[in-house]
Amino acid sequence: MPHTLAPLPYSYEALESFIDQETMKIHHDKHHQTYCDKFNTALAKYPQYAEMEPVELLTKLESLTDIEAKDKTAIKNHGGGFVNHSLFWQMMDPKNTKDEKLIAEIITAFGSVDEFKKKFSEIAVNHFASGWAWLVRDQEGKLQIYSLPNQDTPYAKGHTPILTLDLWEHAYYLKYQNKRADYIANWWQVIKLIQG
Ligand code: MN
């Protein structure tokens, strides 16, 4: 099995009261673990890619001619789930500190941090069904906000993720039930990178 799940880089209760510890534990230990396991299963037929960094594999996936279409779908879904959740844990890390350079870039691109949050939140609230909201840097270095379905990643477009928010119900249902907007509003409180 080439890939293993890293432990959550902080305690399950570290994000209380914005994200509850039961959600964090199930999300990391069950959902993320399952993406990891199924990613390994999908790769089992392709030992030539076992050692490739998952981000590189997802970036190149569509262009690889030696992977069958149905296996590409499995790698995209489970490899995407594996990589996306790792990003998600990192950007919510309570040890993160304010990133002045990122804040300056956000102000240039969107007018203010509040305007950025408003635009990102609108896209996240309005995303239909499961998926993720993203702040990315495109090939020209420009910041973009968009949402993607399922476990699709910006890497497949050649974009570099900066912030991401899990919009699957498993990310918030225990605490917030159907109130995705409340989950999003509280989620900003755990993003230390852009807190003023
Ligand atoms: Mn998730």
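**First stop: a charged pair**

Select Lys-70, which counts as exposed because its relative accessibility is 54%, above the 50% limit for that class. Please bear in mind throughout that this is a predicted model.

The side chains of Lys-70 and Asp-71 form a salt bridge, with an N to O distance of 3.4 Å. Is Asp-71 buried or exposed? Asp-71 is buried, since its relative accessible area is 10% and the class covers values under 20%. The salt bridge thus joins Asp-71 and Lys-70, a buried residue and an exposed one.

Now extend the selection to Lys-45 and Glu-68. Together with Lys-70 and Asp-71, these residues are linked in a network of salt bridges. In general, side chains of opposite charge can pair when their charged atoms come close.

**Second stop: two further salt bridges**

Asp-93 counts as buried at 9% relative accessibility, whereas Lys-95 counts as exposed at 58%.

Proceed to Lys-98 and Glu-100. Here the closest N and O atoms of the salt bridge are 3.8 Å apart. Glu-100 is exposed, with a relative accessible area of 51%, while Lys-98 counts as partly exposed at 38%. The count of salt bridges comes to 10, and those visited here are among them.

Select Leu-58, Glu-62, Lys-76, Thr-153 and Ala-156. Of the 14 residues that line the largest pocket, these lie nearest its centre. Which elements give two or more residues to the lining? They are helix H2 (54-60) and strand E2 (143-149). Highlight H2 in particular, as the largest share of the lining, 3 residues, comes from this helix.

The space in the largest pocket is about 190 Å³. Colouring the lining by residue class shows 5 nonpolar, 4 polar and 5 charged residues.

Finally, colour the model by domain, with domain 1 covering 21-90 and domain 2 covering 100-190. Each of these domains contributes at least three residues to the lining of the largest pocket.

Notes:
Residues are numbered from 1 along each chain as its sequence is written. This is a predicted model: local features need pLDDT of at least 70, side-chain atom pairs count only at pLDDT 80 or more; totals for chains, interfaces and linings use all residues. Side-chain values use heavy atoms; hydrogens and water are left out. On a 1 Å grid over the protein atoms alone, a cavity is a set of points where a 1.4 Å probe fits but cannot get out, and a pocket is an open set with protein on both sides within 12 Å along at least five of seven lines; lining residues have an atom within 4 Å of a point. Grid points are joined across faces, edges and corners, and a volume is the space filled by probe spheres set on the points. Helices (H or I, at least four residues) and strands (E, at least two) are DSSP runs, numbered from the N terminus. Ala, Val, Leu, Ile, Met, Phe, Trp, Tyr, Cys and Pro count as nonpolar, Asp, Glu, Lys and Arg as charged, and the others, Gly among them, as polar. Domain bounds come from an automatic or database domain assignment. A salt bridge is a side-chain nitrogen of Lys or Arg within 4 Å of a carboxyl oxygen of Asp or Glu. Buried means under 20% relative accessible area, exposed over 50%, partly exposed in between (1.4 Å probe, protein chains only).
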